[in-house]
Amino acid sequence: MIAVAGLIVGVVFGLILQPSVPAELQPYLPIAVVAALDALFGAVRARLEEVFDERVFVTSFLFNVLIAAFLVFLGDQLGVGSQLSTAVVVVLGIRIFSNAASIRRHVFKA
């Protein structure tokens, strides 16, 4: 319940304050969101399988975001930013769908 309340408060503050992302950080934001979603779906799956650990979730969340941002930065420096960004999204997308399938199987017993 605390997480839902925090989410609601965050959305309300976001709508009221309307924060902006600096232009130099904009290429990293979508990748960071996808990396965070990957950690979130992994945590939900672990919770349903009763093997959830807060340390694993926090480290997974932080390292996913940092590694994904680093790969995008590296791609920008090498001049292949869009290709490397696409690769990161594909890999994280596969992991998200794999976790979602596992969650579906657990919830619906199918």
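User: Which helix gives the largest share of the lining of the largest pocket?

Analyst: That is H2, which supplies six residues of the lining, and please keep in mind that we are looking at a predicted model.

User: And which helices each supply at least two residues?

Analyst: Helix H2, which runs over 29-48, helix H3, over 54-78, and helix H4, over 81-108, each bring at least two residues to the lining of the largest pocket.

User: What volume does that pocket have, and which residues are closest to its centre?

Analyst: The volume of the largest pocket comes out at about 190 Å³. The pocket is lined by 15 residues, and those closest to its centre are Gly42, Ala43, Ala46, Val56 and Ser60.

User: How do the lining residues divide into nonpolar, polar and charged?

Analyst: Seven of the lining residues are nonpolar, while four are polar and four are charged.

User: OK, helices now. How many are there in the protein?

Analyst: The protein has four helices and zero strands, so that its pattern along the sequence reads α-α-α-α. Along the principal axes, the C-alpha trace spans about 45 × 35 × 25 Å.

User: Are H2 and H3 roughly parallel or antiparallel?

Analyst: Their axes come within 8 Å and cross at roughly 155°, and because angles over 145 degrees count as roughly antiparallel, H2 and H3 are therefore described as roughly antiparallel to each other. The crossing of these two helices is right-handed.

User: Which residues make that contact?

Analyst: On the H2 side they include Ile31, Ala32, Ala35 and Ala36, and on the H3 side Phe57, Ser60, Phe61 and Asn64 are among them. By class, the contact of H2 with H3 divides into 13 nonpolar residues, two polar and one charged.

User: What about H2 and H4, at which angle do they cross?

Analyst: The axes of H2 and H4 cross at roughly 20° and come within 9 Å, which makes H2 roughly parallel to H4, because angles under 35 degrees count as roughly parallel. Here H2 passes H4 in a left-handed crossing.

User: And which residues meet there?

Analyst: From H2, the residues include Val34, Leu37, Phe41 and Arg45, and they meet a set in H4 that includes Val88, Leu92, Ile96 and His106. The contact of H2 with H4 has 14 nonpolar, five polar and three charged residues.

How values were computed: Residues are numbered from 1 along each chain as its sequence is written. This is a predicted model: local features need pLDDT of at least 70, side-chain atom pairs count only at pLDDT 80 or more; totals for chains, interfaces and linings use all residues. Side-chain values use heavy atoms; hydrogens and water are left out. On a 1 Å grid over the protein atoms alone, a cavity is a set of points where a 1.4 Å probe fits but cannot get out, and a pocket is an open set with protein on both sides within 12 Å along at least five of seven lines; lining residues have an atom within 4 Å of a point. Grid points are joined across faces, edges and corners, and a volume is the space filled by probe spheres set on the points. Ala, Val, Leu, Ile, Met, Phe, Trp, Tyr, Cys and Pro count as nonpolar, Asp, Glu, Lys and Arg as charged, and the others, Gly among them, as polar. Axes are lines fitted to C-alpha atoms, for helices over the stretch in contact, and angles run from 0 to 180 degrees between N-to-C directions. Angles under 35 degrees count as roughly parallel, over 145 as roughly antiparallel, 65 to 115 as roughly perpendicular and the rest as oblique. A crossing is left-handed if the near helix is turned anticlockwise from the far one by less than a right angle, and right-handed if clockwise. Contact means heavy atoms within 4.5 Å.
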